Amino acid sequence: MRRAAAVALAVVAVAGAGALTPVSAAPAASALDGLANCTTAAPLTCHFDVPPGDYDVRVELGGATAGSTSVRGETRRALLAETATEAGRTVHRSFTVNVRTPEGEPTGAEGSDGLDLTFGGSAPELASIQVKPARPSTAGTRRILLIGDSTVCDQPAEPYTGWGQELPQFLKKGVSVANYADSGESSVTYLENPALFPTVQPLIGRGDLVLIQLAHNDKTTDEATYRADLKTLVDGVRAQGGRPVLVTPIVRRWFNADGTLNNDIALLVNGLGVNHPAVIRELAATEDVPLIDLTALTKARVEELGPEGSKALYLYNEKKDNTHTSVRGATEYAQFVRDALRAQGLVPPGLVR
């Protein structure tokens with residue numbers, strides 16, 4: 001049975017100009033409010049029986065001893081980076097999380113109902129938690145939907161991690177990430193599969209951002225088809241009042257002898273000679289679509305680290321895999337996306353961490 005975590009400990013709240021005021025532990029409240037929805041066993045987890053939708057979560061971190069706490073939710077999504085707290089002090093953090101079915105990849109397992117949060121870090125300390133249906137912020141509620149492949153998706157099992165899985169931790173309350181990327185998908189299959197774009201398109205609301213990164217599995221897609229498929233996705237997003245953003249694919253870690261990345265395998269030129277990043281850049285220009293050139297950004301980072309140092313960004317050490325990213329790589333690449341969203345004014349600065 002789930003019960004209040006750390007009930008026996010005094011809960012403190014910050015009041016005034018840094019002064020500390022002790023308060024009693026909060027009693028069990030509604031299903032959306034309080035530690036009664038959390039376990040005491042490690043790892044500390046909280047479950048909220050809510051229907052699909054977007055929810056604002058407010059956590060109070062800290063306690064009697066020094067803590068260091070991170071938050072993940074649903075299918076291993078990073079919702080809050082590790083946050084340190086001094087002994088006897090607490091801090092409040094808020095974020096918006098998307099709850100959906102399936103909770104991870106659209107063609108994967110359904111996962112558990114409701115919202116599940118896991119509190120990790122080197123010394124997790126949770127003093128209080130509150131979950132409410134998301135409401136518009138002063139900057140306007142925004143949802144970021146992700147269309148992509150296995151390098152983007154919410155990967156169900158370690159050590160695999162998509163950059164879309166790490167993106168939520170860099171966004172504040174008021175913007176959620178709904179990750180509809182799916183392993184193995186090309187531009188062709190993403191349009192054809194009823195569980196993918198035909199399902200995602202009706203969910204797009206007016207003003208929603210839709211980030212599109214498809215290329216890794218377009219190994220046999222000719223250029224005309226690839227370009228037409230991307231345009232179909234762009235037009236489909238716009239038809240719903242959404243705002244498409246084209247994203248060039250992350251590079252594969254495949255080096256030449258001189259320490260530069262291979263022009264074909266690493267930089268996503270398929271066997272038919274289709275230069276996927278180049279097509280995406282051209283389409284973004286002709287269709288007046290915002291572009292995040294993740295190919296250029298990840299190329300620069302991988303070449304900066306070199307053949308040895310860049311192994312840590314991918315799953316080379318674990319799986320001899322030069323395509324899929326580790327938690328570190330996915331996190332760094334998600335930061336590139338965050339920076340581009342902020343620099344291009346696609347997400348208000350006040351909603352970005």
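Colleague: What makes helix 6 oblique to helix 8?

Modeller: In this predicted model, helix 6 (residues 294-309) and helix 8 (residues 327-343) pack at about 135°, their axes 10 Å apart. Angles under 35 degrees count as roughly parallel, over 145 as roughly antiparallel, 65 to 115 as roughly perpendicular and the rest as oblique, so helix 6 is oblique to helix 8.

Colleague: Which residues make the contact?

Modeller: Helix 6 brings Leu-294, Leu-297, Thr-298, Arg-301, Val-302 and Leu-305, and helix 8 brings Arg-328, Glu-332, Tyr-333, Phe-336 and Val-337. Contact means heavy atoms within 4.5 Å. By class, the contact has 7 nonpolar, 1 polar and 3 charged residues.

Colleague: How do you know that Cys-38 and Cys-46 form a disulfide?

Modeller: Their sulfur atoms are 2.0 Å apart, and a disulfide is a pair of cysteine sulfur atoms within 2.5 Å, so the pair qualifies. The structure holds 1 disulfide. The link of Cys-38 and Cys-46 is right-handed, with 100° about the S-S bond.

Colleague: Why is Cys-153 called buried?

Modeller: Cys-153 has a relative accessible area of 0%. Buried means under 20%, exposed over 50% and partly exposed in between, with a 1.4 Å probe and protein chains only, therefore Cys-153 is buried. Cys-38 and Cys-46 are buried too.

Colleague: What do these values rest on?

Modeller: Residues are numbered from 1 along each chain as its sequence is written, and side-chain values use heavy atoms, leaving out hydrogens and water. Local features need pLDDT of at least 70 and side-chain atom pairs count only at pLDDT 80 or more, while totals for chains, interfaces and linings use all residues.

Definitions and conventions:
Axes are lines fitted to C-alpha atoms, for helices over the stretch in contact, and angles run from 0 to 180 degrees between N-to-C directions. Helices (H or I, at least four residues) and strands (E, at least two) are DSSP runs, numbered from the N terminus. Ala, Val, Leu, Ile, Met, Phe, Trp, Tyr, Cys and Pro count as nonpolar, Asp, Glu, Lys and Arg as charged, and the others, Gly among them, as polar.
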